[in-house]
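Please look over the model below before reading on. These notes are meant to be read with the structure open.

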Amino acid sequence: MLGAVLTQRTTWTNVERSLDNLAAAWGPASLADPEIILNVPDEELVRLLRPTGHFQSKPRKLKYLAGFVLGEGGVEALARSGESTEGLRARLLGLWGIGPETADAILLYALDRAVFVADAYALRLTSRWGLLPTAAPYGDIQKLFMDNLPHEVALFNEFHALIVAHGKQICRPRALCEVCPLNRPVRLGQGGSWSCPRLFAGK
């Protein structure tokens with residue numbers, strides 16, 4: 001849950017640095033104890049979370065989230081909750097600073113709910129293949145995957161992780177289409193070069 005909030009507008013490397021700071025300050029077990037986050041002085045939390053930036057908003061978001069988790073009886077109680085995924089998602093979205101992608105990351109990775117995390121990497125990949133427009137809203141991206149994949153936690157988890165890895169390594173802002181394994185079934189032109197069906201130059 002901490003990682004889902006801290007990764008907003010920064011890299012996972014910076015998130016790891018902040019999480020390491022928290023673990024060093026209070027011990028590794030503290031990362032699963034929302035009461036510590038809720039009670040730590042604001043200035044100390046700002047200092048420990050400095051690698052992830054947004055020094056005022058992210059500590060505040062974490063405290064709102066920690067208060068919510070404690071109000072539900074703790075992390076384990078929340079994970080065991082019989083509440084519908086839709087209901088729980090709506091309540092997470094009601095927290096200040098929690099948007100759809102953050103809420104879905106919490107649901108999938110922390111609470112084992114079968115919800116697909118439709119991030120910027122998923123949009124980049126699907127728009128380049130002509131499955132969605134480049135400015136498709138979050139809900140449309142998520143719907144594409146959830147309508148076409150079995151609703152299984154492990155599958156959504158791995159599928160999302162693979163898309164992120166592909167987006168970082170190959171389907172970059174300037175794509176490496178010539179080495180993309182997804183291009184191999186599609187051969188265009190007389191020269192025999194590989195290309196995405198809807199590849200836009202430089203994207």
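Predicted model: local features only at pLDDT ≥ 70, side-chain atom pairs only at ≥ 80, totals over all residues.

1. Start with how two helices sit against each other. Two packed helices are described by the angle between their axes and the distance between the axes. Helix α9, residues 120-128, packs on helix α11, residues 153-169, at about 70 degrees, and the two axes are 9 Å apart. An angle from 65 to 115 degrees counts as roughly perpendicular, so α9 is roughly perpendicular to α11.

2. Which residues make the contact between α9 and α11? On the α9 side they are Y121, A122, R124 and L125. On the α11 side they are I163, V164, H166, G167 and K168. Sorted by class, this contact holds 5 nonpolar, 2 polar and 2 charged residues.

3. Helix α9 also crosses helix α10, residues 138-146, at roughly 75 degrees. Their axes come within 10 Å, and the crossing angle makes α9 roughly perpendicular to α10. Here A122, L123 and T126 of α9 meet I141, L144 and F145 of α10. The classes in this contact are 5 nonpolar, 1 polar and no charged.

4. Next, look at α8, residues 100-110. Which of the residues in α8 are buried? They are T102, A103, D104, A105, I106, L107 and L108. The elements covering these buried residues include α1, α5, α7 (residues 85-93), α10 and α11. Just after α8, D112 has a positive phi of about 55 degrees.

5. Now turn to empty space. Rolling a probe the size of a water molecule over the atoms shows where empty space is left. The largest pocket holds about 830 Å³. It is lined by 30 residues, and those closest to its centre are T7, Q8, W12, E101 and D119.

6. Which helix gives the most to the lining of the largest pocket? That is α8, with 7 residues. The helices that each supply at least two lining residues are α1 (2-6), α2 (12-26), α5 (57-71), α8, α9 and α11. By class, the lining divides into 13 nonpolar, 11 polar and 6 charged residues.

7. To tie the points together, α9 packs against α11, crosses α10 and supplies at least two residues to the pocket lining. Helix α8 has buried residues, including I106 and L107, and also contributes 7 residues to the lining of the largest pocket.

Definitions and conventions
Residues numbered from 1 in each chain as written. Heavy atoms only, no water. Axes fitted to C-alpha atoms, helices over the stretch in contact; angles between N-to-C directions. Helix = DSSP H or I, 4+ residues; strand = E, 2+ residues; numbered from the N terminus. Parallel < 35°, antiparallel > 145°, perpendicular 65-115°, else oblique. Contact = heavy atoms within 4.5 Å. Nonpolar A, V, L, I, M, F, W, Y, C, P; charged D, E, K, R; others polar. 1 Å grid on protein atoms, 1.4 Å probe; cavity = no way out; pocket = protein on both sides within 12 Å on 5 of 7 lines; lining within 4 Å. Points joined across faces, edges and corners; volume = space filled by probe spheres on them. Buried < 20%, exposed > 50% of the residue type's maximum accessible area, 1.4 Å probe, protein only.
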